[in-house]
Amino acid sequence: MNAVLKKAGVLVLAIGIVAGSLSSCSKSKEVEDEVSVYSIMPEKYATHIFAEFTNDTGIKVNFVRLSSGEALSRLIAEKNNPQVDALWGGPSDTYDAGIDEGIFEPYKPSEADKIPANYRSPDNYWTGIGIIPLCFLTNTNFLEKNNLPVPTSWDDYLHPAYANGLQMADARTSGTATERIYSLVKALGSEDAAFDYQKKLNKNVQLYTKSGAGGALPAANGQAAGGIFYLVDALDIVNQGYPLVISYPQEGVTYGVEGSGIVKGCKHPAAAKKLMDWASTKKLGDFMVANKIFYIPTRPDVVVSDPALDMTKMSLIDASSIWKGEKRQEYVERWIAEVIQQ
């Protein structure tokens with residue numbers, strides 16, 4: 001009798017373990033049907049892209065839109081208890097700045113090898129999904145009224161006619177703004193020259209905006225004369241029919257690589273990996289092109305017919321993402337001390 005009871009007890013225990021395992025798997029599967037994301041990519045783009053990802057995979061994306069500086073600060077603050085599974089969008093130096101902080105998990109997406117090596121992390125901490133050159137965006141009515149040519153030099157934005165007329169991003173919050181600093185360091189040849197320029201430029205700035213695209217609409221409707229933006233945001237507003245012109249300084253500009261990466265210790269790692277796998281596919285590039293989301297795809301096999309996205313027509317300067325990540329905080333602090341607080 002005792003032997004029977006023991007066997008029955010073992011059987012019950014075994015059934016319980018199996019049931020518990022199935023329950024656990026069921027819960028795990030349910031959890032992995034969603035992924036939480038901080039998106040530096042503007043909501044108007046991210047919403048459409050994430051909806052397409054959900055259509056393809058069935059995985060729901062819950063996301064909060066933050067500027068790059070906000071996202072980096074929040075991920076660092078939360079690294080012992082991550083609140084999201086992935087970071088989406090934003091220039092790659094944001095990711096490189098976070099690697100030493102231990103906030104990203106290395107992962108090589110399924111089609112990463114089809115993306116050129118300079119558009120992804122050598123250690124697989126981030127993968128590029130789009131290329132975003134910096135550019136000038138200027139109101140053509142302002143140029144005509146002041147009898148000014150389209151700006152083609154960094155010095156053109158120092159003209160007195162632009163006094164209190166420019167809007168551009170704040171380096172404390174925006175990756176567009178830090179890209180502006182990187183561009184100036186490379187184009188003008190030294191850090192001192194770059195910061196001297198920004199002190200002069202500051203006299204013509206009416207407002208530094210929280211996000212990189214924040215000054216585009218004011219420039220479009222004439223509240224501002226223009227500003228310095230990533231091309232993706234400049235093209236978006238130009239294609240709405242406003243009196244604007246995009247141009248590039250002959251001295252050159254750097255460009256960002258819009259990234260994507262997994263947060264270390266995240267709660268939904270499997271879903272996050274599926275998002276990274278999908279981000280590495282040609283499907284994402286084709287979707288952005290078809291829906292006029294003006295990132296230049298990192299996949300060279302994506303056909304881009306819009307001449308505005310032809311990188312050979314831009315004066316681009318290569319700058320290592322690792323160098324940017326190392327310099328980011330130093331440059332932000334110097335910009336605050338020498339430009340904003342003077």
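A residue is called buried when its relative accessible area is under 20%, exposed when over 50%, and partly exposed in between, with a 1.4 Å probe and protein chains only. The structure is a predicted model, in which local features need pLDDT of at least 70, side-chain atom pairs count only at pLDDT 80 or more, and totals for chains, interfaces and linings use all residues. Residues are numbered from 1 along each chain as its sequence is written, and side-chain values use heavy atoms, with hydrogens and water left out.

Gln 167 counts as buried because its relative accessibility is 5%. Gln 167 lies in strand 6, residues 166-169; helices (H or I, at least four residues) and strands (E, at least two) are DSSP runs numbered from the N terminus. The side chains of Gln 167 and Gln 206 are joined by a polar contact of 2.8 Å. Such a contact is a pair of N or O atoms within 3.5 Å; within protein, one must be able to donate a hydrogen and the other to accept it, and residues adjacent in sequence count only if both atoms are side-chain atoms. Leaving aside residues up to four places away in sequence, the residues that Gln 167 touches (heavy atoms within 4.5 Å) include Gln 206, Leu 207, Pro 218 and Phe 229.

Helix 6 (residues 175-188) and helix 7 (residues 191-202) have axes that come within 7 Å and cross at roughly 120°. Helix 6 is therefore oblique to helix 7, since angles under 35 degrees count as roughly parallel, over 145 as roughly antiparallel, 65 to 115 as roughly perpendicular and the rest as oblique. Axes are lines fitted to C-alpha atoms, for helices over the stretch in contact, and angles run from 0 to 180 degrees between N-to-C directions. Among the residues that make this contact are Ile 181 and Leu 184 of helix 6 and Phe 195 and Tyr 197 of helix 7. The contact of helix 6 with helix 7 comprises eight nonpolar, one polar and two charged residues. Here Ala, Val, Leu, Ile, Met, Phe, Trp, Tyr, Cys and Pro count as nonpolar, Asp, Glu, Lys and Arg as charged, and the others, Gly among them, as polar.

Helix 6 also packs with helix 12, at an angle of about 100° and with the axes 10 Å apart. These two helices are therefore roughly perpendicular to each other. Their contact involves, among others, Tyr 182 and Val 185 of helix 6 and Trp 323 and Trp 335 of helix 12. By class, seven of its residues are nonpolar, one is polar and five are charged.
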